[in-house]
Amino acid sequence: MQVKAKKYLGQHFLTDLNVAKRIADTVDVSAERNVLEIGPGMGVLTQFLLNKDKNLQVIEIDGESVDYLKQNFKTELADRIIFDDFLKFDIGELFNGEKFALIGNYPYNISSQIFFKVLDNKERIPFVSGMIQKEVAKRLASGPGNKDYGILSVLLQAYYDIEYLFTVPPGVFAPPPKVDSAVIIMKRNGVKELPCNEKLFKTVVKTAFNQRRKTLRNSLKPMMSEGFSTTDAIWNKRPEQLSVADFINLTLLFQ
């Protein structure tokens, strides 16, 4: 039995076992015993995760893949498969409320949504690793002054240390995607909460980058009350020039 890749699910099945093992090995540096794999497909990554001393569960939205896993991993994955959509699934039901590491060969079409959900559950998910589109990986790991630096860069780096590990070419997938992929690691940093209103912080970051070619004085103008002062030099900058700390300080000006 083979699973047919479904375009609407963004499926590209990894076929290179060496790459799969390298991805699986990233969980060795996580202190978390609980591990959730998103989108196991035909289990190429799962088979290596099962060899780890971890409490593994997998979540899969594709019924055909679930049937494949049940047929080919009968003993190993017996009660560990969740047939559901990760984006809609209540992770409060996982691992008795304990923390867990997240790993996967993430579908390109929902990778950003996955990371936004990680942000919403950052206290439960201290470690994330896996494969995403190279362009997105560069965006997540980029620092200020880089053209790839953007909304997700700032929001994630406020709470996670992010490392770009290695690039993966299209030829190791079936079907091959039209772009390169990359493997990243995200480790929760020591920030428990930001020294500013976190909801407002997100709004400031998103508003600034939504018009990234404009200076902050212009892009954030809709958020300014009458008489709001923009004499400081920071207002002449564009969002990609600001660090996470700069955005925090900017947010404090609006509180």
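Is Glu198 buried, partly exposed or exposed, and what is its relative accessible area? In this predicted model, Glu198 is partly exposed, with a relative accessible area of 22%, a value that lies above the limit of 20% under which a residue counts as buried. Glu198 forms a salt bridge with Lys122, and the closest N and O atoms of the two are 3.9 Å apart. Because Glu198 belongs to helix H7 while Lys122 sits in the loop between helix H4 (111-120) and strand S6 (127-133), the pair ties together parts that are 76 residues apart in sequence. Lys122, for its part, is buried, with a relative accessible area of 16%.

Side chains of opposite charge can pair when their charged atoms come close. The model holds twelve salt bridges by the rule applied here, and another of them joins the side chains of Arg33 and Asp53, at 3.4 Å from N to O. Arg33 lies in the loop between helix H1 (17-24) and strand S2 (34-38), and Asp53 in the loop between helix H2 (46-49) and strand S3 (55-60), so this pair ties together parts that are 20 residues apart in sequence. The two partners fall into separate classes of accessibility, for Arg33 is partly exposed with a relative accessible area of 48%, whereas Asp53, at 68% relative accessibility, counts as exposed.

A further salt bridge brings together the side chains of Asp25 and Lys21, with 3.0 Å from N to O. Asp25 is partly exposed, its relative accessible area being 26%, and Lys21 is likewise partly exposed, with a relative accessible area of 40%.

Conventions: Residues are numbered from 1 along each chain as its sequence is written. This is a predicted model: local features need pLDDT of at least 70, side-chain atom pairs count only at pLDDT 80 or more; totals for chains, interfaces and linings use all residues. Side-chain values use heavy atoms; hydrogens and water are left out. A salt bridge is a side-chain nitrogen of Lys or Arg within 4 Å of a carboxyl oxygen of Asp or Glu. Buried means under 20% relative accessible area, exposed over 50%, partly exposed in between (1.4 Å probe, protein chains only). Helices (H or I, at least four residues) and strands (E, at least two) are DSSP runs, numbered from the N terminus.
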